[in-house]
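I opened the notebook to look up how the parts of this structure pack and pair. Entries follow in the order I made them.

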Number of protein chains: 2
Amino acid sequence: MKVFPSSTVSLAEHEGFTYTEGGVCAAEGFLANGLNCGLNPDKEKNDLALLYSTTPCATAAVYTTNKVQGAPIPVTKRHLDETGGMSRAVIANSKNANTCNADGEAKAEEMCRLAADALGLSPEEVLVASTGVIGQILPIEAIRGAIASLAAGLKPDGNKEAAYAIMTTDTVKKENAVSFRLGDTVCHLGGMAKGSGMIHPNMATTLNFITTDAAISPELLQCALSKVVKTTYNCLSIDGDTSTNDMVLVMANGQAGNEFVTSTRDPRYLVIEQALAIVMGNLTRMLAKDGEGATKLLTCTCSSAPDEDTAIIVAKSVIRSPLFKCAIFGEDANWGRVLCAIGYAEADFAIDKVDVDLVSEFGRIAVCRNGSGVPFSEETAAKILSSDEITVDVRLNQGKATGTAWGCDLTYDYVKINGDYRS
Amino acid sequence: MKVFPSSTVSLAEHEGFTYTEGGVCAAEGFLANGLNCGLNPDKEKNDLALLYSTTPCATAAVYTTNKVQGAPIPVTKRHLDETGGMSRAVIANSKNANTCNADGEAKAEEMCRLAADALGLSPEEVLVASTGVIGQILPIEAIRGAIASLAAGLKPDGNKEAAYAIMTTDTVKKENAVSFRLGDTVCHLGGMAKGSGMIHPNMATTLNFITTDAAISPELLQCALSKVVKTTYNCLSIDGDTSTNDMVLVMANGQAGNEFVTSTRDPRYLVIEQALAIVMGNLTRMLAKDGEGATKLLTCTCSSAPDEDTAIIVAKSVIRSPLFKCAIFGEDANWGRVLCAIGYAEADFAIDKVDVDLVSEFGRIAVCRNGSGVPFSEETAAKILSSDEITVDVRLNQGKATGTAWGCDLTYDYVKINGDYRS
């Protein structure tokens with residue numbers, strides 16, 4: 001079992017996949033751009049992104065389960081309904097979530113219309129996403145003024161400008177892409193994501209855009225996304241706050257030229273699903289490692305669980321615990337807090353069989369056996385916890401299922417960032 | 001509706017109740033003591049408490065729902081089972097939770113035996129509680145060495161020594177007591193509690209000991225406790241971590257001499273329940289205000305909800321949100337985070353009817369109507385948020401039920417305290 005996570009998984013165990021540059025532009029026929037339109041007073045920081053496919057895309061999506069939904073969400077849902085799951089472009093802004101505003105949907109529709117006009121599309125072919133402060137009126141005139149130059153600047157290597165535009169408190173861009181073969185055809189799948197707070201996904205996470213040139217139906221693409229999101233973004237928690245604007249979009253334009261994939265029994269379907277799992281898994285770890293204020297990536301693997309749901313619930317409970325997150329920041333082997341968090345996980349299992357190890361590149365130490373503490377060297381523990389990637393290895397010893405969740409430590413900087421987020 | 005909470009409620013609306021000194025010693029026949037036995041290397045800090053009644057007590061209890069249970073919990077449960085809900089004494093220590101230790105129950109039993117021997121009781125008449133670091137072996141010899149002097153020092157005004165002994169990261173003692181009449185008989189009910197982290201109760205909270213000299217059956221006392229805990233401690237969250245050692249004990253020795261209360265239809269039962277609600281409510285607010293690292297008491301009132309459970313779930317979701325807690329620390333009126341937290345509360349209601357105001361002793365400001373933001377003065381908002389007691393007033397506008405939850409802001413000091421808690 002792999003217990004030393006790094007932001008990008010080794011492809012050694014994923015035969016036939018190769019990392020490639022380009023993020024959302026890695027796939028054929030996708031252009032992107034990003035710029036500062038004035039939503040962000042820092043003129044150096046992009047705040048508006050456009051993603052465009054030269055041909056129509058089968059499109060899959062998952063959204064936040066928060067009852068409060070950013071205005072872009074119903075608009076995007078409606079457009080995908082109207083087109084039967086097809087799209088051509090996405091417009092996305094940061095700095096303003098366009099959420100809890102009485103005029104929110106009208107503004108989100110206008111964003112689509114502006115992009116459609118500039119691109120020669122119909123508005124329902126354009127999807128929309130926003131991230132930033134909730135409850136402030138979106139200054140749409142900034143977007144109106146910038147749309148022409150945004151569209152004119154679309155380019156096959158504009159992924160970095162776009163990835164930069166969707167960043168909020170992120171400290172690094174999150175992009176990942178792979179190439180792979182479907183039969184004899186070389187395909188690509190790549191994506192970008194933004195973090196890094198209000199992240200406790202439930203059916204989706206944050207803003208996340210993935211493109212592929214594989215040819216696949218919207219229904220199958222949705223099937224793959226819905227499956228993969230369960231073990232990637234939905235196993236991520238930065239702070240336990242489920243965002244109002246979470247959205248993952250996957251767009252497939254088929255320009256690779258493979259024969260259309262239309263059945264989950266087609267072996268090529270599994271290859272596409274695996275590509276999605278690799279890219280979404282990597283983006284998940286990048287999001288965790290760059291969580292607001294984070295200094296350490298925290299991974300919890302839960303194995304020998306009665307079922308996968310239990311494994312995931314337990315793993316998420318551990319990486320969500322504020323007390324344990326603080327202890328990890330302090331590099332304090334306070335494993336009792338791991339047991340505490342396992343104990344209040346809402347799942348059905350026996351606590352007195354549980355084993356816990358703390359693991360990093362610097363070693364592994366047993367801290368708990370059968371639910372009780374075992375003596376360990378504080379010196380060794382301190383060495384292990386000095387790594388910036390810590391794994392808590394939990395074994396329930398009552399089944400065969402596994403689950404993994406990702407998070408980060410809780411630091412002074414999280415408090416600082418969020419004490420005055422709106423300014 | 002009262003929207004300016006203070007740690008102690010006004011008794012104006014509670015006719016017949018008067019605040020009194022004495023905490024757990026306010027009731028007749030209860031003696032207490034506390035001292036440093038050496039669990040805490042700081043010799044100035046008490047770490048061992050003893051509470052004793054000169055006559056047997058009807059006893060009610062609620063415990064944590066964490067699957068990991070501190071060893072004192074099964075021991076206390078067993079003793080109450082064996083005595084049919086009667087007890088005479090409680091021994092409690094801080095600095096070590098005696099949890100996740102293979103020898104935990106044996107040590108907890110020994111604590112009871114030591115106290116019983118010193119007091120001339122049988123061990124099952126003694127209840128036991130521990131709080132502190134999880135997963136470290138309890139150095140029982142420290143308790144053995146101190147028990148004689150602890151028992152010898154029991155006194156009718158020993159409540160402060162005892163309250164000091166159960167404190168962990170608390171910055172102030174938490175005690176509260178009232179006197180009231182049952183017919184012509186003057187009775188007392190008082191308690192002490194410890195905070196101030198790992199607090200997200202579920203059927204109980206933290207360590208909490210309440211005594212009364214009213215005469216009431218164990219069954220009725222349990223009935224009152226189970227009801228009151230739902231709207232007091234179970235509506236408190238410091239950090240979302242449900243402790244392994246939560247326990248509330250209520251002991252009633254009947255020494256006031258009132259006629260025995262044996263029916264919930266007896267009007268005197270309601271008076272006792274009200275006394276319990278006042279004292280537990282006050283202790284709840286004290287715990288919230290002294291949450292780890294807290295600078296502000298945060299209260300969320302949720303009204304016009306379809307039912308009480310929904311009201312409480314919504315109120316708890318707001319006061320638990322790390323993002324909103326940080327904003328309150330920063331005195332930033334980021335009300336969008338309130339809506340976000342209301343939106344992910346797991347309850348069934350319509351979000352587009354929700355109104356939110358921010359309230360303190362310095363005024364009230366409307367920030368949201370019908371789920372959308374309304375313009376407000378940032379200057380007025382900043383003034384309101386400069387108070388150390390902030391209320392978020394949420395109105396769902398879809399029913400008649402209400403609920404209130406208490407918490408605190410999330411600060412640098414929370415991270416600092418918990419980055420290195422074990423040392």
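**Entry 1: helices on the sheet, chain B.** I am working with a predicted model. Next I checked helix 9 of chain B, residues 336–343. Helix 9 packs on the sheet too, touching strand 11 (355–360), strand 12 (363–369) and strand 14 of chain B. Its direction makes about 125° with that of strand 11 of chain B.

**Entry 2: the sheet of chain B.** I looked up the strand order. It reads 13-12-11-14-10-15 in chain B, an open sheet of six strands with mixed pairing. Which strands are at the edges? I found strand 13 (372–373) and strand 15 (401–408) of chain B there, each pairing on one side only. I then followed strand 15 of chain B to strand 10 (residues 297–305) of chain B. Seven bridges join the two, and they run antiparallel. I picked out one bridge: Leu297(B) has Cys408(B), in strand 15 of chain B, as its partner.

**Entry 3: the sheet of chain A.** The open sheet has six strands in the order 13-12-11-14-10-15, and the pairing is mixed. Strand 13 and strand 15 (401–408) of chain A each have a single partner strand, so one side of each lacks a neighbour in the sheet. I checked the link from strand 13 to strand 12 (residues 363–369) of chain A: two bridges, antiparallel. Arg369(A) stands opposite Ser372(A) of strand 13. Helix 9 of chain A lies across strand 11 (355–360), strand 12 and strand 14 (389–395) of chain A. I noted about 125° between helix 9 and strand 11 of chain A.

**Entry 4: chain A against chain B.** I turned to the interface. I found 55 residues of chain A in contact with 55 residues of chain B. The buried area is about 4400 Å², and carbon and sulfur atoms give 57% of that. How many salt bridges cross the interface? The rule finds zero. It does find 24 residue pairs in polar contact, both at pLDDT 80 or more. I then asked which elements of chain A supply the touching side. Helix 8 (322–329), helix 9 (336–343), strand 13 (372–373) and helix 11 (412–419) each supply at least two residues. Helix 11 of chain A gives the most, with six residues. By class, I recorded 25 nonpolar, 18 polar and twelve charged residues on that side of chain A.

How values were computed:
Residues are numbered from 1 along each chain as its sequence is written. Chains are lettered from A and ligands numbered from 1 in the order in which they are written. This is a predicted model: local features need pLDDT of at least 70, side-chain atom pairs count only at pLDDT 80 or more; totals for chains, interfaces and linings use all residues. Side-chain values use heavy atoms; hydrogens and water are left out. Contact means heavy atoms within 4.5 Å. Buried area is the accessible area (1.4 Å probe) that two parts lose on being put together, summed over both. A salt bridge is a side-chain nitrogen of Lys or Arg within 4 Å of a carboxyl oxygen of Asp or Glu. A polar contact is a pair of N or O atoms within 3.5 Å; within protein, one must be able to donate a hydrogen and the other to accept it, and residues adjacent in sequence count only if both atoms are side-chain atoms. Helices (H or I, at least four residues) and strands (E, at least two) are DSSP runs, numbered from the N terminus. Ala, Val, Leu, Ile, Met, Phe, Trp, Tyr, Cys and Pro count as nonpolar, Asp, Glu, Lys and Arg as charged, and the others, Gly among them, as polar. Two strands pair if DSSP finds at least two bridges between them. Axes are lines fitted to C-alpha atoms, for helices over the stretch in contact, and angles run from 0 to 180 degrees between N-to-C directions.
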